[in-house]
Amino acid sequence: QAAAVAALMGAYSPAKALATGRATFCGLPFGTLTAADLGNADTGLHQRTIKLALGSCDAFMSHSWHDNADAKWAALQAWAMRFEAAKGRSPTLWLDKACINHQNIAASLACLPVYLAGCQQLLVLAGKTYKERLWPAMEVFTFVRMGGALERVEITPLDTADDLGFETFAVENAKCFDDNDKAKLLTAIEAAFGAYAPFNALVRGPLVGASS
């Protein structure tokens, strides 16, 4: 199922997406992460990743790079402490900055659904800009499309005073760093759903449900 969604999002066939995703799947041990790594500078995170089998990464971290880095770090630390208290070990994360091959970003994005399927949990660190970004929406959509259960979604607001606005999410208004990526994804969504409204409902569902 993840490979089929990958084919929708990129130029890969389901078989190629699955094979490439399996070969390149990796995770970041939480203990190697620092607050500075959640900023925009290149901190060499990819060199700290470890090769993992699909299904063995603890959490896929969905977030907006436009939200406050210090707030994300505080929220992530709190989550990791809860995880360690429950499991008796430090978690591994899939984090885009670390786990995407920046020498071949197009291939990595084509495999994004496979990477998400390889994680036990969808961890949403949600700040003011989360609902405004297109790639986080695609991550949530992919999770739902693969039949992800609501209990596998954990949403942590970065500021409890913020109105996250999940009820009004609209993919047509979402922003993307690359306008070409946005055009391609919106075209794929229209082709698959016929309109934006069904897609928007799919994304809103788990976000509203898990945060209520």
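Where is the place of Gln121?

1. **Gln121.** The model is a predicted one. In it, Gln121 sits in the loop between α6 (112-117) and β5. Is Gln121 buried or exposed? Buried: its relative accessible area is 17%, and the cut-off for that label is under 20%. Leaving aside residues up to four places away in sequence, Gln121 touches Asp58, Ala59, Phe60, Trp79, Arg152 and Glu154.

2. **The sheet.** Six strands make up an open sheet. Their order is β2-β1-β4-β3-β5-β6, and the pairing is mixed. The edges belong to β2 (50-51) and β6 (153-157). Each of these has a single partner strand, so one side of each lacks a neighbour in the sheet.

3. **The β1-β4 pairing.** Strand β1 (residues 26-29) and strand β4 (residues 92-94) run antiparallel. Two bridges join them. Which residue of β4 is the bridge partner of Leu28? The partner is Leu93.

4. **Helix α7 against the sheet.** Helix α7 (residues 134-145) packs on the sheet. The strands it touches are β3 (59-62), β5 (122-126) and β6. The direction of α7 makes about 145° with that of β3.

5. **Span and burial of α7.** The helix has 12 residues. From first C-alpha to last, α7 reaches 16 Å, close to the 16 Å expected at 1.5 Å a residue. How many residues of α7 are buried? The count is 10 of the 12, so α7 is largely enclosed by the rest of the structure. The buried residues are Leu134, Trp135, Pro136, Ala137, Met138, Glu139, Val140, Phe141, Thr142 and Phe143.

6. **Cys26.** The structure holds zero disulfides. Cys26 is in none; its nearest cysteine sulfur belongs to Cys99 and lies 3.9 Å away. The cut-off for a disulfide is a sulfur pair within 2.5 Å. Cys26 is buried, at a relative accessible area of 6%.

Note on methods:
Residues are numbered from 1 along each chain as its sequence is written. This is a predicted model: local features need pLDDT of at least 70, side-chain atom pairs count only at pLDDT 80 or more; totals for chains, interfaces and linings use all residues. Side-chain values use heavy atoms; hydrogens and water are left out. Two strands pair if DSSP finds at least two bridges between them. Helices (H or I, at least four residues) and strands (E, at least two) are DSSP runs, numbered from the N terminus. Contact means heavy atoms within 4.5 Å. Axes are lines fitted to C-alpha atoms, for helices over the stretch in contact, and angles run from 0 to 180 degrees between N-to-C directions. Buried means under 20% relative accessible area, exposed over 50%, partly exposed in between (1.4 Å probe, protein chains only). The expected span of a helix is 1.5 Å times one less than its number of residues.
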